[in-house]
Amino acid sequence: MTDIKAEMDVLPGMDPRAHLLHVDELHVEFRTRDGVAKAVNGVNMWLRPGETLAVLGESGSGKSVTAQAIMGILDTPPAHVTGGRVLYRGVDLLKLSEADRRKVRANRIAMIFQDALSALNPVFTVGFQLAEMFRMHRGMSRRDAKARAIELLDQVRIPGARDRIHDYPHQFSGGMRQRVMIAMALALDPEILIADEPTTALDVTVQAQIMKLLAELQQQRNMGLILITHDMGVVADVADRISVMYAGRVVEEAPVHDIYSRPAHPYTKALLESIPRLDRKGRQLNVIPGLPPPLTDLPSGCSFHPRCAYAREICSRDEPPAYQIAPQRIASCHFVREVLGV
Amino acid sequence: MTRYIVRRLLQMVLTFFGATFVVYALMFANQDDPYQVLAGDRVVSDSQRAALNAQYHLDKGFFTQYWYYVKGLLTGDFGTSLTGRRIGDMLAEAWPITIKLTLLAIVISAVVAIAAGVFSAVRRGGIFDHVTLVLTLVVLAMPIVVLAPVAQLIFGVKLGWFPVTVTRDANLYQLLLPALVLGTLVVATELRVTRSSVAENLRADYVRTARAKGLSTRRVVGVHVLRNSLIPVITLIGVDLGVLMSGAIVTEGVFNIPGVGFNLFRGIRTEDGPVVVGFVSVLVIVFLVVNLIVDLLYAVLDPRIRYE
């Protein structure tokens, strides 16, 4: 069980004291016939063991692409990582050979996806897909792998695991299917779990159950969790820190409570104001005017300036640097002070 | 499941009688003077006609003749050909070699189509992809009535790589060239379907999951994608059996293979109604059974399909 991990530890440059995960100035672009779409433009983020980092943003803000670049499962072409580093314990994953990279996947960094029905293979039983992890990565026999698969389904609390491993994905309910995905991702005890909108396809009560399960499993294993979502409600309950992304950049990063009480970026502020709230019942909901910019043709300067209430001339000219406004607080806006109201 | 099979088998009985009726009617309408065709230039005397009529009932009306035929069929008797041979014996002699030929053609075309289809889907836009596209278009455009004699001439007569004709107890080597020719009928479409099916599945979400699981590309494509992609291909292969059966008529004629197609072709030429109806009836049964098997296989390949 530990043999492969032991082998992984001798990966050159691996430093147990380094950040669990550190994404440094990551750039990803999609080269298509219609032009180059700059999906990720210098993303920085880091993650400690046992911590939950929520990555928040609209569709197309580069959340999922960042996650897939970390995993190394982007379709190349059309996607190309054009710059930056993805450091796992000090090792730049982007420089590893495909064979080494594959060992990192699922063993060290695992991922679950939004729609478990399409994310699971429809023609194989759940047991086969779970057992495959142990057979391929650990060289276990079918029988042993099957026993482990049952254990895993028990751990994610699927009733009747012993019988249900013979079922196909479509025979499970949405929530149970997402539990299967979680079981699969956790099979090899990864240190980092990336959850890409894990509850978006589920109804609200099931969402809460899945989030609770994730939180419990994370605590048991002291696992770092990157939670990608556009649901501000989910984030508030579970996240330690939040990274807000817009047009392929992290525009604000802060501990969860700070961001809710005092957003430092106009975009974050606008996002928070656009959440329907009971105490503002009857009043018109604030919305952010306009649409996110096309990734093939990003605005000059700050990408948010065409939609920003604070925008001035400098915003369309100079890209704002990342201001460190407090320990663990970063915001990329020329008028940070104004937004914070200091 | 059992109910589904029973229902399909009952439908088959109806289809079978419908098909024999239509073929019988067509042969009846086509018949001019089969005794004369049989005799060639010689004169057929009235007493000879009377004797033959007593045996074959050709002077009777259509429905009476059909009635005699079905009566025989229900007792397992396919009747006798106008040349006096028992059609049951002819079938028993002809089928084995045709089965061998068709199976060989199916296997060759499926292996080539699936291997090349997967490869060109994985390397979309590559040289191999472009070359197979052009080749499949050429093969699709080439009718088998042209391809069979040309292949026989080039590879059999000129180059001498393969025997020109096939004997009754043919080995696989003798059947290889005819099977290749027959296989070209279906290989192009099967390849295109495999390619598009694999290409589509490569974009599926479960492929991303499989890669996130740290599986090798070989396993992702060879197990996860292939299994999903084969679903439409298997169905197509089942339907293609009909194409191969009709193609066998030409191929067996050209290569002189004494199989089903060969007998059928001769039966049509000599206006030998009982032979044609007998052979077509069995062809219909085979086609129906194979398609039932394919439909059942479909449920095995795709667990989301359940027959009620």
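**Close-up views of chain B**

**Figure 1. Contact between the two domains of chain B.** In chain B, 17 residues of domain 1 are in contact with 12 residues of domain 2; two residues are in contact if their C-beta atoms, placed from the backbone, lie within 7 Å. On the domain 1 side, helix H1 (2–30) and H2 of chain B each supply at least two residues, and H1(B) gives the most, with 11 residues. Helices (H or I, at least four residues) and strands (E, at least two) are DSSP runs, numbered from the N terminus. By class, this side of domain 1 has 11 nonpolar, four polar and two charged residues. Ala, Val, Leu, Ile, Met, Phe, Trp, Tyr, Cys and Pro count as nonpolar, Asp, Glu, Lys and Arg as charged, and the others, Gly among them, as polar. Domain 1 of chain B covers 2–74 and domain 2 covers 95–301, with bounds from an automatic or database domain assignment. The C-alpha centres of these two domains of chain B lie 33 Å apart.

This is a predicted model, in which local features need pLDDT of at least 70 and side-chain atom pairs count only at pLDDT 80 or more, while totals for chains, interfaces and linings use all residues. Residues are numbered from 1 along each chain as its sequence is written, and chains are lettered from A and ligands numbered from 1 in the order in which they are written.

**Figure 2. Helix H8 of chain B and its bend.** H8(B), residues 172–202, spans only 37 Å between its end C-alpha atoms, whereas a straight helix of 31 residues would span 45 Å at 1.5 Å a residue. The expected span is 1.5 Å times one less than the number of residues. At B:Thr184, H8(B) bends by about 45 degrees, the bend being the angle between axes fitted to the seven residues ending there and the seven starting there.

**Figure 3. The side of chain B that touches chain A.** The contact takes 20 residues from chain B and 22 residues from chain A. Helix H9 (205–212) and helix H10 (217–255) of chain B are the elements that give two or more residues to the chain B side. H9(B) gives the most, with seven residues. The chain B side divides into seven nonpolar, five polar and eight charged residues.

**Figure 4. Confidence along chain B.** In chain B, confidence is highest in H9(B), at a mean of 91, and lowest in H2(B) (residues 34–39), at 70. The model scores ipTM 0.85 and pTM 0.81.

Terms used
pLDDT is the predictor's confidence in each residue, from 0 to 100.
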